[in-house]
Amino acid sequence: MVQGKEFEASRKAEGVGSSNKSNDPHPAGRVQYGGVRQFIRMCSFSAYFIACCIIVHLTQLVGTPLYLVNKSIYYAYMSRTKQSFGVLVTTITQWWSPTVVRVTGDKSVRHQLKRTADGRLECDFPERMILIANHQLYSDWLYLWWIAYTARLHGFLYIILKESLKHIPVVGWGMRFYGFIFLARKWEQDQPRFKHRLSKLAAGGGQEPMWLMIFPEGTNLSDNGRNASARYAEKAGLQDLRHLLLPRATGLRFCLENLMGSVEWVYDCTVAYEGIPRGKFGQDYFTLSSTYFQGRPPKSVNMHWRRFAVSSIPISDPHLFELWIRQRWIEKDHLLEHYMLNGRFPEDDDRPGPDTQTTEEKGAIDLKRKIKVGGKERIITTTGGSSPNGNWGGPIETEVKLKTTWEVLEIFKVLFTLGLLFNIITKLYHIIRVATLGYT
């Protein structure tokens, strides 16, 4: 395996791994919107996001007395508000940062990846799992929350976050109601609260849905992180990675230990963003401004899924577990290298031959359609995913979008209902006063 500077030099010489034009260094191309339109987009984005966050948080506050009445009802209510936030983060991507999403998986999950007749992704994933992924952008969690939406489990996502985030006005306050795990990144301080939160998630033998999302790298990929990871690999005599940071084993192993018996699967997602040059980092290109205001989101978001049975993971032995997670990251590094060279993730060699395909499948394999995503025309395949007879039709090409736009109204439903009830009660009170006292 060629590594380090030698590897980088060989790739540059071959001209591989970069889709940039020489006159435009940005992977997503030129700025789509001028200064005035960028300002309008920024204002509309901010107004929508802040207003919805306030509505969701007020809805949470309205439901807090339920905790004293019935905790089960309280948690179900809060999961509904979490669904509303999942719809919110889906719509900000759908409306302000539309892009093509390409989803594939290995044999272990292909039967769970489906494409609907109208082109949406549906993931038939289990109600309880631990979700791990590589971390390239701060917005990775937005796409993963959308995946939870496609499984109709966007109200049961739990994220491990930095403690400072819970102090952000409105957004951070609202996250406290979601059962998210906030850590100070000091293990002695974090361990007791971490254990307490995990015990809540494991309570009742794991009867409630739960997707616990963890980024084992600990932070998103950047120049500083990449250099620190390389230095650690050299010092510890470990194989360095080309496209990832070395994973940390402690947090994930602690989660698996404390959720033992209540979760069966670890799902792994490898994420790649189209067009980022080799040796560069997505966070330097896809900022909040470029992605949502300038009209330069990633050309495509690519996800490769696989899963591992918890029973097959050596959780009880710290050394073996560290080897296990490191091997998974080496495999992910190979997946990302394949993506850099070929523009897509590798497929398992199990595609059905001509004799095993139905007539419909034979005619649909090469069907394409032209769609407009973010004002740009893209050609995507009209098939893909797992077919009814179990055959795999190739990557699913789709967009981040809601099943129906009417779902946005769910965000406002509780407060609207309370407002309506208040109005009815006020009018009834006024009518009673007029009837009994004879004056208005």
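Select helix α9 (residues 250–258), which lies across β4, β5 (157–162), β7 and β8 (265–273) and runs at about 175° to β4. Helices (H or I, at least four residues) and strands (E, at least two) are DSSP runs, numbered from the N terminus. Angles run from 0 to 180 degrees between N-to-C directions, and axes are lines fitted to C-alpha atoms, for helices over the stretch in contact. The model is predicted: local features need pLDDT of at least 70, side-chain atom pairs count only at pLDDT 80 or more, and totals for chains, interfaces and linings use all residues. Residues are numbered from 1 along each chain as its sequence is written, and side-chain values use heavy atoms, with hydrogens and water left out.

Next, select helix α11 (residues 318–342), which packs on the sheet and touches β4, β8 and β9 (300–309); contact means heavy atoms within 4.5 Å. The direction of α11 makes about 30° with that of β8.

Now display the sheet itself. It is open, with mixed pairing, and its 8 strands follow the order β6-β5-β7-β4-β8-β9-β1-β12; two strands pair if DSSP finds at least two bridges between them. β6 (181–183) and β12 (396–399) stand at the edges with a single partner strand each, so one side of each lacks a neighbour in the sheet.

Within the sheet, select β4 (residues 128–133) and β7 (residues 210–214), which run parallel and are joined by 5 bridges. M210 in β7 is the bridge partner of R128.

Finally, select α4 (residues 71–96) and α5 (residues 140–150), whose axes come within 9 Å and cross at roughly 120°. The contact involves residues including F85 and V89 of α4 and W145 and Y149 of α5.
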